[in-house]
Amino acid sequence: MTQHIPEGLPERIRHYVDGEFVDSVGGETFDVLDPVSNETYVQAAAGQKADIDRAVAAARRAFTEGPWPRMLPRERSRVLHRIADLVESRDARLAELETFDTGLPITQALGQARRAAENFRFFADLIVAQADDTYKVPGRQVNYVNRKPIGVAGLITPWNTPFMLESWKLAPAIATGNTVVLKPAEFTPLSASLWAEIFEEAGLPQGVFNLVNGLGEEAGDALVKHPDVPLISFTGESRTGQVIFGNAAPFLKGLSMELGGKSPAVVFADADLDAAVDATIFGVFSLNGERCTAGSRILVERAVYDEFVEKYAAQAGRVVVGDPHDPNTEVGALVHPEHYDKVMSYVEIGKGEGRLVAGGGRPEGFPTGNYIAPTVFADVPKDARIFQEEIFGPVVAITPFDSDEEALELANGVKYGLAAYIWTNDLTRAHNFSQAVEAGMVWLNSNNVRDLRTPFGGVKASGLGHEGGYRSIDFYTDQQAVHITLGAVHNPTFGKQEHHESDLDDPDPR
């Protein structure tokens, strides 16, 4: 297989601070690999505390002295729409670079690039249409809510669909008048470097957007601990979220964290089985299985269990694994050899915990690169590691159940609670089960098709807080309540009591 290498790759990847591309203060760098050859194709500047300090200072200056926080919503909206236009016009180039850097199939990377544009367009519209609350007490008082940008937002993003997930945080943070420091994942820094040119061309003022590449333990840690960064939005694994939570605590920072998932797809016997198979195949094998909302545990009612497993395994075996740049590819290469080793270790664990019915290792014809065949385990018990732990790859566990109560117990029997997918044609069951399942988001008879107005977030170990729609506006702004008295002031009166002279003369006037 001849690997596709995009033309015009950068000679190096640098930070972007206060409108300029810069190297690390101390000259530190790290290697960036492509996931097909696993060879270093570029070196990126490795941010340290000094680089974060420089970026935060620029962002703070742009917030306190620059025009951006003081612009009318309509003016900011025009800039955001221009950003969306530029992203859309460059979607093919963005997808090509994203695919090269991440191993995502090119068709899926293209969809993510277009979704990134839509994120900016959505918040460009939302800040103009937004109306804040007013509360009236007729003749006595008017109370209203005044929203204000908070300051410098620290945005820490993951390596799966990096460009789209960066847009998910950048758009609302900037739309609401904040300035930002973005720390992208070290595995996938390539597409993040494109934001600088896009923002400059769109007319975003200097210093509003700053980018520091580097490792989470260095650049990310310094960003979380910086006293001039009141907000941290993080997407990544739950253990890292715990560390961030602890490090942000002394500063009482605002936190929004979308963490790991081990989401159930529950298939009842009355469901449209073919539709459920299609959706659950896509739900765990799209984006190479590297998605937080993957339905990686499929719970199937026993009456249709054997039929479901047979259909599912056969279809999983037909999923096209291939060169990420080939438009026919459905599963590409995992992002990095470290992650490949982790997922493969779970495949080996699964062989001792469940019945392997599809995949189970490297696909034929791919002797090199981070390729794993879509892997399906059936008859997986609820205490199995592949049932309980997030794998974040093209691996799925299927488990039977006999009653609604058992299905709910299985669905809720993990530490995570991000998404759930319910397949049934019983309306009462659909609503009751959805409300009882411990998940921040539920899809009924549907794949993960998300309306941008809805809240996105999880419960339990899957996160803290929600973003999306007005919830993003809430996170990135302070809500100040302003109270105005109309008419007479209704105050209790202190300090105006009259005293008799004899009381003042006699210390004990009894």
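Q: How many bridges join β18 to strand β19?
A: In this predicted model, β18 and strand β19 (residues 441-444) run parallel. One of the paired positions is Ala-420, whose bridge partner in β19 is Val-442. The chain passes from β18 to β19 through helix α14 (residues 427-436), in a right-handed β-α-β crossover. The number of bridges joining β18 to β19 is four.

Q: Which residue stands opposite Ile-422 in β18?
A: Strand β13 (residues 264-267) also pairs with β18, in the parallel sense and over three bridges. The residue that stands opposite Ile-422 is Val-266.

Q: Why is strand β18 described as largely enclosed by the rest of the structure?
A: In a regular strand, side chains alternate between the two faces of the sheet. In β18, Ala-419, Tyr-421 and Trp-423 point one way, Ala-420 and Ile-422 point the other way, and all are buried. Strand β18 (residues 419-423) is therefore largely enclosed, the buried count being five of the five residues.

Q: Which strands are the edge strands of the open sheet of seven strands?
A: The order of this sheet is β15-β16-β17-β14-β13-β18-β19, and its pairing is mixed. An edge strand here pairs on one side only. The edge strands are β15 (355-358) and β19.

Q: What angle does the direction of helix α10 make with that of β14?
A: Neighbouring strands of the seven-stranded sheet are turned by 20° against each other on average, direction ignored. Helix α10 (residues 302-318) packs on this sheet and touches β13, β14 (297-301), β15, β16 (375-378) and β17 (395-401). The angle between the direction of α10 and that of β14 is about 140°.

Q: Which strands does helix α11 touch?
A: Helix α11 (residues 337-351) packs on the sheet, and its direction makes about 30° with that of β16. The strands touched by α11 are β15, β16 and β17.

Q: Are helices α4 and α5 roughly parallel or roughly antiparallel?
A: The axes of helix α4 (residues 106-129) and helix α5 (residues 162-175) come within 8 Å and cross at roughly 10°. Angles under 35 degrees count as roughly parallel, so α4 and α5 are roughly parallel.

Q: What is the handedness of the crossing of α4 and α5?
A: Residues of α4 that meet α5 include Arg-115, Phe-120, Phe-123 and Ile-127. On the α5 side, the residues met include Phe-163, Trp-168, Leu-170 and Pro-172. The crossing of α4 and α5 is right-handed.

Q: Which residue stands opposite Phe-30 in β5?
A: Three strands form an open sheet in the order β1-β5-β4, with mixed pairing. Its edge strands are β1 (12-13) and β4 (29-33). β4 pairs with strand β5 (residues 40-45) in the antiparallel sense over five bridges. Opposite Phe-30, the residue in β5 is Ala-44.

Q: Which residue with positive phi follows α6?
A: Helix α6 (residues 194-202) has as its buried residues Trp-195, Ala-196, Ile-198, Phe-199 and Ala-202. The residue that follows α6 has a phi near 95°, and is Gly-203.

Conventions
Residues numbered from 1 in each chain as written. Predicted model: local features only at pLDDT ≥ 70, side-chain atom pairs only at ≥ 80, totals over all residues. Heavy atoms only, no water. Buried < 20%, exposed > 50% of the residue type's maximum accessible area, 1.4 Å probe, protein only. Helix = DSSP H or I, 4+ residues; strand = E, 2+ residues; numbered from the N terminus. Pairing = 2+ DSSP bridges. Right-handed = clockwise from strand over helix to strand, strands pointing away. Axes fitted to C-alpha atoms, helices over the stretch in contact; angles between N-to-C directions. Parallel < 35°, antiparallel > 145°, perpendicular 65-115°, else oblique. Left-handed = near helix turned anticlockwise from the far one by under 90°. Contact = heavy atoms within 4.5 Å.
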